[in-house]
Amino acid sequence: MTRKRAAVLISGRGSNMTALIEAAEADDYPAEVALVVSNRPDATGLERARDAGIPTAVVDHAPFGEDRAAFERALDATLREHRIDLVCLAGFMRLLSPWFVSRWSGRMLNIHPALLPQFKGLHTHRRALEAGAKQHGATVHFVVPEMDAGPIVEQESVAVREGDTEATLAARVLEIEHRIYPRALRALAEGKIGPAAATGQAPAD
Ligand code: GRF
């Protein structure tokens, strides 16, 4: 089995990244986490990745200022240098342009802490509580240019409990995230979902 080379893109603590790294340690897992990239040099997830022996890279967005295209070219170049096949956004807090998204189309997943198409964007747990939602959850989806709008790959729900706070709800949703993201990456790496099923190739230059 040739394992797909996955990169995990983070901006923070990287608990989903850790879940992917741990899943990929299984002999029969069809992907390896070949690279962790952070756009923030101080992301605590970087340390966790290094501890796990995973190559890391920092592509800091700050020096690029408003020049998002240049930042994305640097990010894209880093992924290509490491011969990455698949990209997993895991708490990566930068919006990606149609140019970048199209380069990784069908090969890039994101995890969102809500039952999409409900509660796109930020502060999903607070908004679910304010809306009186009875069910909440997490979704893994393909990345398309429109934020949190791509085809859904995996989704699981959790009941909202009486007395839930943002923190208690977030903690239960996070357990779901750590379960569904490894499942989604497995499906993508095995070519069971998405355009990778058709070609199995890295994106063309
Ligand atoms: C997760 O809740 C993820 O769904 C959201 O950002 C959070 C990242 O957490 N996109 P972590 O860095 O994976 O711990």
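Q: At what angle do α1 and α6 pack, and how far apart are their axes?
A: In this predicted model, helices α1 and α6 pack at an angle of about 45°, and their axes lie 9 Å apart. The crossing of the two helices is right-handed.

Q: Which residues make the contact of α1 with α6?
A: From α1 the contributors are S15, N16, A19, L20 and A23, and from α6 they are L174, E177, H178, Y181, P182 and L185. By class, this contact of α1 with α6 holds seven nonpolar, three polar and one charged residues.

Q: How may the spacing of such residues along a helix be read?
A: An α-helix has 3.6 residues a turn, so residues three or four places apart point the same way. In the present case, S15, A19 and A23 are among the residues by which α1 meets α6.

Q: At what angle do α1 and α2 pack?
A: Helix α1, residues 15-23, and helix α2, residues 44-51, pack at an angle of about 15°, with 9 Å between their axes. Angles under 35 degrees count as roughly parallel, so α1 is roughly parallel to α2. The crossing of α1 and α2 is right-handed.

Q: Which residues of α1 and α2 make their contact?
A: On the side of α1 they are S15, M17, T18 and I21, while α2 supplies G45, R48 and A49. The contact of α1 with α2 comprises three nonpolar, three polar and one charged residues.

Q: How many of the residues of α1 are buried?
A: A residue counts as buried when its relative accessible area is under 20%. Helix α1 is mostly covered, for eight of its nine residues are buried. These are S15, N16, M17, T18, A19, L20, I21 and A23.

Q: Against which elements do the buried residues of α1 pack?
A: They pack against the strands β1 (4-10), β2 (31-38), β4 (86-89) and β5 (108-112), and against the helices α2 and α6, the latter spanning residues 166-189.

Q: How many helices and strands does the chain have, and what pattern do they follow?
A: The chain has seven helices and seven strands. Along the sequence their pattern is β-α-β-α-β-α-β-α-β-α-β-β-α-α.

Q: What does the radius of gyration of the chain agree with?
A: A compact globule of 205 residues would have a radius of gyration near 17 Å, and the chain, at 16 Å, agrees with this. Along the principal axes, the C-alpha atoms fill a box of roughly 50 × 40 × 35 Å. Of the 205 residues, 51% count as buried. Among contacts in the chain with a separation of 6 or more, 63% are between residues 24 or more positions apart.

Q: Is V140 buried or exposed, and which residues does V140 touch?
A: V140 lies in strand β6, residues 135-142. With a relative accessibility of 0%, V140 counts as buried. Leaving aside residues up to four places away in sequence, V140 touches L109, N110, I111, P151, I152, V153, E154, I180, Y181 and A184. The C-alpha atoms of V140 and A6 are 15 Å apart, while the two residues are 134 residues apart in sequence.

Q: Where is S105 placed?
A: S105 is in the loop between α4 (98-103) and β5. Its relative accessible area is 43%, and S105 is therefore partly exposed. S105 and K192 are 87 residues apart along the chain, and their C-alpha atoms are separated by 15 Å.

Key:
Residues numbered from 1 in each chain as written. Predicted model: local features only at pLDDT ≥ 70, side-chain atom pairs only at ≥ 80, totals over all residues. Heavy atoms only, no water. Axes fitted to C-alpha atoms, helices over the stretch in contact; angles between N-to-C directions. Helix = DSSP H or I, 4+ residues; strand = E, 2+ residues; numbered from the N terminus. Parallel < 35°, antiparallel > 145°, perpendicular 65-115°, else oblique. Left-handed = near helix turned anticlockwise from the far one by under 90°. Contact = heavy atoms within 4.5 Å. Nonpolar A, V, L, I, M, F, W, Y, C, P; charged D, E, K, R; others polar. Rg over C-alpha atoms; globule rule 2.2 N^0.38 Å. Buried < 20%, exposed > 50% of the residue type's maximum accessible area, 1.4 Å probe, protein only.
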